[in-house]
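Notebook open, model loaded. I'm jotting down what I looked up, in the order I got to it.

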Number of protein chains: 2
Amino acid sequence: MFAEFENYIKAHAGVTNDEVELFRATAIEKSLRRKDSLLNQGEICRYKIFVCKGLLRTYRTTENGNEHILQFSPENSWTTDPESYNNLTTSVYNIDALEPSEVVMWTKKDFDALFEQLPKLKAYSDNLIQRNLYRTRDRMFFNQTSTAEEKYDNFVKTFPGIMARVPLHMVASFLGVSRETLSRIRHTQVRP
Amino acid sequence: MFAEFENYIKAHAGVTNDEVELFRATAIEKSLRRKDSLLNQGEICRYKIFVCKGLLRTYRTTENGNEHILQFSPENSWTTDPESYNNLTTSVYNIDALEPSEVVMWTKKDFDALFEQLPKLKAYSDNLIQRNLYRTRDRMFFNQTSTAEEKYDNFVKTFPGIMARVPLHMVASFLGVSRETLSRIRHTQVRP
DNA sequence: TTAAAACGGTGACCTATGTCCTCGTTTTGC
DNA sequence: GCAAAACGAGGACATAGGTCACCGTTTTAA
């Protein structure tokens with residue numbers, strides 16, 4: 001499963017064959033079954049996680065036990081709780097697998113060492129974080145100014161394919177609308 | 001007005017007296033009257049802005065002309081449109097002054113040069129960006145899971161003092177609630 | 001100093017969306 | 001292969017919060 005990561009990091013961060021070995025040296029590979037968890041609220045998020053295959057989700061629960069999904073992480077994407085990971089604080093998030101998945105992950109100590117050795121990796125990472133911030137802001141604006149239907153349409157456009165891979169109520173949870181509303185919207189659209 | 005910045009940067013990023021001069025060399029100081037603008041949508045955001053005094057806001061308009069405030073920037077805080085600033089793309093945001101204000105600002109070219117010369121500045125900046133991301137995520141979660149009243153209470157707690165400095169409809173716009181709803185909430189609370 | 005604009009409050013009404021429930025179908029895990 | 005769980009659809013109903021309209025007060029700018 002390291003192979004997928006290798007392709008990714010060479011293509012995106014300009015890492016050479018030799019340099020890939022540095023990643024391999026400290027990588028932890030892990031296979032997950034559906035519902036297997038990588039992080040539970042209250043724990044410290046010890047790893048930076050790259051998804052080689054499958055699909056993870058990050059969610060958070062309200063006091064009354066409602067789950068809200070903040071992020072889907074399909075193959076070729078990263079996930080972690082940056083706050084917990086960076087500061088070794090306990091996390092309020094949960095990360096688990098929605099499909100059988102394969103991940104590669106590193107501890108902060110090991111990944112920081114990679115940053116030291118590979119400045120271009122640090123630059124690439126900074127870039128990802130920045131982009132993440134833009135998108136999160138955008139999403140917030142969109143959430144505040146759109147109807148449930150616009151949110152749904154936008155989701156389908158922005159994350160093509162995810163819709164087909166996860167149950168409806170999870171998309172609802174991601175968008176912050178009720179399952180029922182989403183179900184109705186979708187059926188109104190069958191024949192517009 | 002550079003004095004306020006000097007205090008701030010020494011205290012927060014561990015910059016020495018000598019190093020402060022590097023900042024001064026390329027800083028652009030500017031006084032703003034109420035309603036003066038630093039960025040209009042469609043323009044490129046050329047500056048990283050530090051607010052020495054006063055209060056700025058960042059807002060965005062929907063297609064039907066509705067204004068949504070994304071951020072208040074009081075004294076001792078930074079603002080810019082990072083996306084536009086970093087990539088020289090046109091911005092969808094507007095930044096203007098809600099009070100007579102004083103700012104110090106740098107072009108990307110000049111500020112990047114500071115990063116080169118002062119690694120600790122880069123580290124501090126990375127930190128701010130990370131924190132910004134945590135908080136934006138948090139705010140999004142909160143927005144999705146809270147009632148208008150909870151949003152208002154949270155705002156008052158999170159941004160003490162801002163409430164007293166801006167008109168009600170701007171807080172409403174920040175929270176994504178109508179002015180009327182906020183007005184009612186607030187009056188219900190006079191005698192709880 | 002004064003006219004115009006901005007602001008906050010409030011009533012009346014409307015509607016998008018949430019909540020609760022039931023039912024048939026599909027998926028899953030043993 | 002089968003029992004149990006998860007899922008999607010849809011009806012009935014409730015409601016938070018939006019929209020519109022009006023008014024008196026305060027602030028602003030010329």
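Predicted model: local features only at pLDDT ≥ 70, side-chain atom pairs only at ≥ 80, totals over all residues.

Started with a strand pair in chain B. β4 (residues 55–61) and β7 (residues 93–97) of chain B run antiparallel to each other, and I get five bridges between them.

Looked up individual partners next. B:R60 has B:Y93 in β7(B) as its bridge partner. B:Y59 sits opposite B:N94, also in β7(B).

Then I checked the other neighbour of β4(B). β5(B) is joined to β4(B) by seven bridges, again antiparallel. Here the bridge partner of B:R57 is B:F72 in β5(B). The two strands make a hairpin with five residues between them. In that turn I noted B:G65, which has a positive phi of about 85°.

How many residues of β4(B) are buried? Six of its seven, so I'm filing the strand as mostly covered.

Zoomed out to the sheet. It is an open one of four strands in chain B, in the order β2-β7-β4-β5, with antiparallel pairing. At the edges I find β2 (37–39) and β5 (67–74) of chain B, each pairing on one side only. From one strand to the next the twist averages 25°.

What packs on this sheet? It is a helix from the other chain: α5 (residues 119–145) of chain A, which touches β4 and β5 of chain B. I read about 135° between the direction of α5(A) and that of β5(B).

That sent me to the contact between the chains. Chain A puts in 22 residues and chain B puts in 22 residues. On the chain A side, β5, α3 (82–87) and α5 each supply at least two residues. α5(A) gives the most, with 14 residues. By class, I have the chain A side down as seven nonpolar, 10 polar and five charged.

DNA next, strand C to begin with. The largest share, five residues, comes from α9(B). Classes here are four nonpolar, six polar and seven charged.

α9(A) gives the most, with four residues. I get four nonpolar, six polar and five charged.

In α8 (residues 168–175) of chain A, the buried residues are A:V171, A:A172, A:S173, A:F174 and A:L175. They pack against β5 (67–74), α6 (148–158), α7 (162–165) and α9 (179–188) of chain A. After α8(A) comes A:G176, with a positive phi near 75°.

Last item, a geometry check on α1 (residues 2–13) of chain B. Its 12 residues, at 1.5 Å a residue, should span 16 Å, and the end C-alpha atoms are 16 Å apart, so the two agree. α1(B) is followed by B:G14, whose phi is positive, near 65°.

How values were computed. Residues numbered from 1 in each chain as written. Chains lettered and ligands numbered in written order. Buried ≥ 20, exposed ≤ 12 C-beta atoms within 10 Å, placed from the backbone. Contact = placed C-beta atoms within 7 Å. Nonpolar A, V, L, I, M, F, W, Y, C, P; charged D, E, K, R; others polar. Expected span 1.5 Å × (residues − 1). Pairing = 2+ DSSP bridges. Axes fitted to C-alpha atoms, helices over the stretch in contact; angles between N-to-C directions.
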